[in-house]
Amino acid sequence: MGSRLVSLPPAPREPAGEADDYLERRRLRRGSAGWLLLTGLGVAYVVSGDYSGWNFGLAEGGFGGLAIAMVLMGAMYACMVLALAELSSILPTAGGGYGFARRALGPWGGFLTGTAILIEYVLAPAAISLFIGDYVESLGLFGLESGWPVYLACFVVFTGIHLWGVGEALRFGFVVTGIAVAALVVFALGALPGFDASSLDDIPVDPSAFGANSWLPMGLLGIWAAFPFGMWFFLGVEGVPLAAEETREPARTLPRAIRWSMGILVVLAVVTFFAAAGARGSAAVQDAGNPLVEALQPDGEATALSRIVNYAGLAGLVASFFSLIYAGSRQLFALSRAGYLPRFLSLTSGRRAPYLGLLVPGVIGFALAAGVGDGARLLNIAVFGATISYALMSLSHIVLRRREPELPRPYRTPGGVLTSSVALVLACAALVATFLVDVTAAFIALAVYIVAVAYFGLYSRRHLVAKAPEEEFAALAAAEAELSRD
């Protein structure tokens, strides 16, 4: 057999003076986080969903419908994060899902995955800032009303903490998340004396719905329509791998943090769901903006416990808002560093924070919050992007297991491709369900996606940076495949 030289794709020429230090000017602070801080980050992404949002699924499917949706979506997330734990141990870079899909599905697959993740992490903070405004107003804090000054303060203050440094930011987020989680435990204990199983299925039955009964008042289709709300108990936990380049021993730390995060979130979801619906009844909390507080106020009068939970709900929103800003900045950083988006967005400061990756999404998020003013719609758009990324990341795990079985895997997903196949099927079902809940939001997200795809197809795919870690990893795979054919 003759031998041939294998040429890796060359890096596009950089502007004068930048070629030699391209990656140095785009370097994050390594070793800033261990598994405990990362576990806190994974919980922080999600914890606001325990305080509000999930209960609207009761109006779509009733207690039984939302319960089944929560179990199915919990299974989807559990299977997906186990697959991501393996993928993050193979390629521990800031690209996260984009990097995994880039290796498995090529540049187009990488871009489609990264863009879907970016939609989720830019839209979700905008929505949560609106919810923070509502909480601030309802609590009467400083006499403020929900409006653009509150949204602006959220983005300015919490983006500023991220600019200070990743270690400081993760520690701040860990403390706030701990407060929110502790309050959920306090809520469950406080709601326990009023728990009544007979009140779980008190939503009126729609006699025209197929398969309707007291547990499924909207019929079997209500289960499917409740999928997006079942996701709110877990939405965002997949962002843990985005901290890979700032983690100590990422191949070992990331899988551990991902598994612990998911385990904690499952417990919180079950406890919160049953306690809130059982203490007051599903019908009473299905439309509440603050279902946990509503569950603790059967007579509509505030109590000391309900006030504590109300303030903790604000802490939960802050924790998720804060961590989602982090996730969005790292995904934007990775896509920019590799040339999928304008390269200047990946420049880092002296404290190794991607300052434009933080500021640009922050400006967009504030503009959306102030201009749109509909938190539910913004979250539904974020969910649309999330479900696309889930399907593509799960598919990436399957492809890499089939195509590259000998690839070193410090952590292996239990169940292998069967586990990621379950995640793929459920993610596709959740994607379709977004059209059942808010077809306008789904089409808005689709339009944004199409514009991004056009940008990549017409311009950025010809200007990728081969020296970026995710691109270099994929290029080595192509070289190895070519050598194996010799």
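Q: Which residues is Tyr390 in contact with, leaving aside its neighbours within four places in sequence?
A: A quick note to start: this is a predicted model, where local features need pLDDT of at least 70, side-chain atom pairs count only at pLDDT 80 or more, and totals for chains, interfaces and linings use all residues. Residues are numbered from 1 along each chain as its sequence is written, and side-chain values use heavy atoms, with hydrogens and water left out. Contact means heavy atoms within 4.5 Å. On that basis, Tyr390's partners are Met76, Tyr77, Met80, Glu120, Met231, Leu235, Gly236, Glu238 and Ala427.

Q: How many charged residues does the contact of α4 with α5 have?
A: The α4 side includes Pro125 and Ile132, while α5 brings Val150, Tyr151, Cys154 and Phe155. Asp, Glu, Lys and Arg count as charged; Ala, Val, Leu, Ile, Met, Phe, Trp, Tyr, Cys and Pro as nonpolar; and the others, Gly among them, as polar. The tally is nine nonpolar, two polar and, for charged residues, none.

Q: Is Gly165 buried or exposed?
A: Gly165 sits in the loop between α5 and α6 (166-191). Buried means under 20% relative accessible area, exposed over 50%, and partly exposed in between (1.4 Å probe, protein chains only). Gly165 has 0% relative accessibility, so it counts as buried.

How values were computed. Helix = DSSP H or I, 4+ residues; strand = E, 2+ residues; numbered from the N terminus.
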